[in-house]
Amino acid sequence: MPDNRSHADGARVLADLNALRSIGAYKTGVHKPTFSEPHMRSLEWLAQRLPEAGLTADIDGIGNVLGTVAKSGPKLLAGSHLESQNFAGWLDGPLGVVYALEAARVINSDPNANGAVEVAAWCDEEGHFGSFLGSRSYVGGLTEEDIDAARDRNSGRTMREALSDVGLAGRARVTAERGRHIGYLEAHIEQGERLESGGIAIGVVTSIVGIWQYRISFSGEQNHAGTTRMDVRRDAGVALARFCVDIDDRFPELGGPRTVWTTGRITLDPGAPSIIPGRAEMLFQIRDDDPGVIDRLEVLLRSMAAEVSARGRCGVTVERLRTGAPAMMDATFQHAIEAASLAFAEGRSVRMPSGAGHDAQVLATIMPAGMLFVPSIGGISHHWSENTGDADIVTGAQVFVEACRRLLAG
Ligand SMILES: [Zn+2]
């Protein structure tokens, strides 16, 4: 451990995380939907802490909190988000924000440290109103029309109304100043069980997987469920169910080691107990960090659809709804996290892709980006019981601060 340099104060990090947990507390987690009262209080809490790190705080017109510094030299941007999923965990988001705050407190006041850390809390990473609205706004990827169209997925309240209700309407949105930052570093809980089950303290994220989404439609013949003999039926629902099982049987051959696929929604039309479904539809998603793997699986998916159609009972069409390029994390950032792990968690780090989306993938479109994960107990997340052991939280903070220092040192 490098003794001649100041490092993360574990007790302070835990106290900050607990302070954020007490705002909008729900059981052992939190309920902080975007622009709710506890979310806004959390943003204000951060804005009040930032001066401790020599940062000037601003909450901009999309609800991003940004802490900027006047200090010269290289600047590293670090952060995550402060809103939560509904009735969810206390660490998903706040962990990365508090680590960034801690890195700024330690490094910005250290005369021996090169440059400074600037802190961001990106608004609505959890997608109550849209998809990565805060970080997309910062990178210049969000139009006024996008904001006009955004609505709360639960209440239907428009984003414009929400911004006005919390006093942010009409405020300018801050966008990235090109060349200001050497890159962006984000810490997050893993939200899976790989680290915990392997006794590993730090995940060095190599990439954030892309998401490809499809609508697969089945057309058969709607008819009477009592009078239509089984051998003449053209049941779109049964064709869909068989297709789902077939995917699970055949995808492993062509998938990569970490490819995942999910049928997230099935609808039968007309969807009544006494009617044979004439139409059926499934929303299907594939995630991987290798577009080549996705290409192979999409070819397979389409050929499976053609096989079913050729049998003549039901027609199947595959429509691609969404293509998501994976975001590669910067090699220098991965190396800095690994080197920092060597100092504070020797032999307990592993390189891994992220199966979940994060603001880092948006920031990676305009600057080098890196991410580190800490273990999630039982792999549980998006639930109020989400947790990470205190020792792992502290180790993560130490590695994060050291990685920031190394990146700024060049
Ligand atoms: Zn998150």
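Modeller: In E13, Ile-286 is the bridge partner of Trp-212. Strands (E, at least two residues) and helices (H or I, at least four) are DSSP runs numbered from the N terminus. This is a predicted model, where local features need pLDDT of at least 70, side-chain atom pairs count only at pLDDT 80 or more, and totals for chains, interfaces and linings use all residues. Residues are numbered from 1 along each chain as its sequence is written, and side-chain values use heavy atoms, with hydrogens and water left out.

Colleague: Over how many bridges do E9 and E13 pair?

Modeller: Strand E9 (residues 210–219) and strand E13 (residues 279–288) pair over 10 bridges, in the antiparallel sense. Two strands count as paired if DSSP finds at least two bridges between them.

Colleague: And what order do the four strands of the open sheet take?

Modeller: The order is E11-E13-E9-E14, with antiparallel pairing. Strand E11 (260–269) and strand E14 (315–322) are the edges, each pairing on one side only.

Colleague: Switching to the metal. Which residues are the protein donors of the zinc ion?

Modeller: His-81 (NE2), Asp-92 (OD) and His-188 (NE2), at 2.0 to 2.2 Å. Donors are N, O and S atoms within 2.8 Å of the metal (3.2 Å for Na, K and Ca); water is not among the atoms, so sites may look incomplete.

Colleague: Where do Asp-92 and His-188 lie?

Modeller: Asp-92 is in the loop between strand E5 (75–80) and helix H3 (94–108), and His-188 is in strand E7 (residues 181–189), so the pair ties together parts 96 residues apart in sequence.

Colleague: Are Asp-92 and His-188 buried or exposed?

Modeller: Both Asp-92 and His-188 are buried, meaning under 20% relative accessible area, with exposed over 50% and partly exposed in between (1.4 Å probe, protein chains only).
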